[in-house]
Amino acid sequence: MGTVRKGRRVTNGLFGALATVLLVLVAPVPAHADSVRDKQWQLDALHARDAWALSTGRGAIVAVVDSGVDKYHVDLRGKVLPGADFVESADGSGGDGSFDPVGHGTSVAALIAGNNDPDGVVGLAYDAQILPVRVLDKENRYDDAGIVARAVRWAVDHGANVINLSLGGVGKSTELGEAIDYALSREVVVVACTGNVDPQKDDAQGVWFPARMPGVVAVSGLAPDGEFWSGALTGTATVLAAPADGLTSAHPQGYWDIQGTSFAAPLVSATAAMIKSRFQGISAADTINRLIFTAADLGKPGRDDVFGFGRVNPAAALSVDVPHVPGNPLLAATDGGGGTHPGASATGAAPPAGDAPDSAAPAAAAAEGPGATPYVLLVAVAVVAAAALTTTLVVLRRQGHRRTPGPY
């Protein structure tokens with residue numbers, strides 16, 4: 001077993017280290033139920049069985065914009081729709097997206113929608129469908145962000161409810177940003193990995209683009225002990241965290257052991273697909289609000305620069321009564337301190353299906369929590385509260401009383 005770095009620096013001046021993936025792997029091996037299923041610790045950590053009682057992702061379509069997806073893999077048979085190949089042709093007509101010379105996209109897809117059968121990898125949203133869109137070449141890279149931009153637009157136009165981007169780089173692309181805006185404007189949830197630490201760099205490394213783009217659900221990584229995975233990049237743009245280390249998934253030649261935020265992102269994409277499936281017609285904004293409102297708080301209370309709003313919490317996202325929001329809460333002018341429901345555990349334990357915390361169960365009560373109210377409304381509330389407090393203090397001062405500050 002060794003550490004293998006997939007990806008190279010690209011020639012496009014706007015981007016560096018694009019589609020960089022850190023993998024710890026062994027040679028692909030044949031399917032064995034005991035050896036593969038027993039390694040899927042992420043299912044227990046995310047209380048998958050509780051979530052499956054409410055939704056398995058049926059009817060949802062997740063676009064995997066990646067290295068392709070092997071539709072013939074036993075774990076993905078019947079799950080992969082005809083897609084596109086933007087590596088072989090500029091318009092995507094070079095293939096159906098099922099050619100995966102790297103294995104990266106196949107691994108991502110299996111974590112999302114692998115068949116729930118006795119052998120191999122079962123996906124978190126195992127009844128969802130995968131729309132494969134190939135943008136990474138045989139070296140697991142892309143030289144032009146325009147390739148990804150065209151792929152994102154294609155995925156939107158071909159029915160994707162969720163787009164998974166397990167790729168990124170240090171630079172920024174206006175063209176890709178506009179494509180993501182196009183997706184967000186058409187009720188598509190966009191999920192991207194925050195990136196992995198480059199051990200060859202000594203300087204500070206920040207969250208990759210497009211994960212750091214406003215409106216995108218940026219996903220960082222957790223270790224099997226539930227703590228932050230040291231190989232993950234994180235920062236103020238981080239929205240959620242999910243298992244990223246010690247994972248096993250499908251490969252065109254069998255299975256392999258993997259690690260990286262590339263494999264944390266699909267667990268959030270799968271959760272979004274489950275939400276889309278359970279709540280028919282739900283908007284992208286409300287889907288994202290469910291993800292952040294029900295996240296299991298980790299680290300500092302509320303949103304922080306390490307875990308974002310916390311660990312993705314599928315069972316709660318499918319069961320807790322979450323208020324409607326008029327727009328994507330990640331596009332608000334200010335970052336609120338909320339997102340997690342008042343009863344979220346500091347240890348990240350998810351409630352069983354249907355067992356919402358008392359403080360989060362009724363919509364009216366939940367609306368008082370920081371994650372229940374859109375951030376724009378929070379700003380308005382804060383302004384009103386400040387004015388009221390000022391008036392109160394003036395009255396108290398005139399009456400000769402002194403007030404002790406309360407907790408904030």
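**Reading the model**

Guide: Start with a helix and its cover. In this predicted model, the buried residues of α8 are Ala284, Ala285, Asp286, Thr287, Ile288, Asn289, Arg290, Leu291, Ile292 and Phe293.

Visitor: Which residues of α4 are buried?

Guide: His104, Gly105, Thr106, Ser107, Val108, Ala109, Ala110, Leu111, Ile112 and Ala113 are. That is 10 of the 10 residues of α4, so this helix too is largely enclosed by the rest of the structure.

Visitor: Now the whole protein. How many helices and strands are there?

Guide: The protein has 11 helices and 11 strands. It has 408 residues, and 58% of them count as buried.

Visitor: How do I read contacts along the sequence?

Guide: Look at separation. Take the contacts with a separation of 6 or more: residues 24 or more positions apart account for 75% of them. Here is a pair to look at in space. Pro329 and Pro214 are 115 residues apart in sequence, yet their C-alpha atoms are 9.7 Å apart.

Visitor: Where does Pro329 lie, and is it buried or exposed?

Guide: Pro329 sits in the loop between α9 (314–319) and α10 (363–366). Its relative accessibility is 4%, so Pro329 counts as buried.

Visitor: On to charges. What is the general idea behind a salt bridge?

Guide: Side chains of opposite charge can pair when their charged atoms come close. The cut-off used here is 4 Å, from a side-chain nitrogen of Lys or Arg to a carboxyl oxygen of Asp or Glu.

Visitor: How many salt bridges does this rule give?

Guide: The count comes to nine. One example pairs Asp96 with Lys71, at 3.1 Å from N to O. That pair links distant parts of the chain, 25 residues apart. Asp96 is in the loop between β4 (84–85) and α4, while Lys71 is in the loop between β3 (61–66) and β4.

Visitor: How accessible are Asp96 and Lys71?

Guide: Asp96 has 27% relative accessibility, so it counts as partly exposed. Lys71 also has 27%, so Lys71 counts as partly exposed.

Visitor: What does Arg134 pair with?

Guide: Arg134 forms a salt bridge with Asp85, and their closest N and O atoms are 3.1 Å apart. Arg134 lies in strand β5 (residues 129–134) and Asp85 in strand β4, so the pair ties together parts that are 49 residues apart in sequence. Both Arg134 and Asp85 are buried.

Visitor: Which residues join into a network through shared partners?

Guide: Start from one bridge. The side chains of Arg141 and Asp137 meet at 3.7 Å, N to O. Salt bridges with shared partners then join Asp137, Glu139, Arg141 and Asp143 into one network.

Visitor: Which residues gather in a patch of negative charge?

Guide: Asp144, Glu175, Glu178 and Asp181 form that patch on the surface. To qualify, a residue needs over 30% relative accessible area and no salt bridge.

Visitor: Where is Glu175, and how accessible is it?

Guide: Glu175 is in helix α6, residues 174–185. Its relative accessibility is 39%, so Glu175 counts as partly exposed.

Key: Residues numbered from 1 in each chain as written. Predicted model: local features only at pLDDT ≥ 70, side-chain atom pairs only at ≥ 80, totals over all residues. Heavy atoms only, no water. Buried < 20%, exposed > 50% of the residue type's maximum accessible area, 1.4 Å probe, protein only. Helix = DSSP H or I, 4+ residues; strand = E, 2+ residues; numbered from the N terminus. Patch = residues over 30% accessible without salt bridge, like charges linked within 9 Å, V, L, I, M, F, W, Y side chains within 5 Å. Areas by Shrake-Rupley, 256 points an atom, 1.4 Å probe, with all protein chains shown as cover. Lys, Arg positive; Asp, Glu negative; His and termini not counted. Charge placed at Lys NZ, Arg CZ, Asp CG, Glu CD. Contact = heavy atoms within 4.5 Å.
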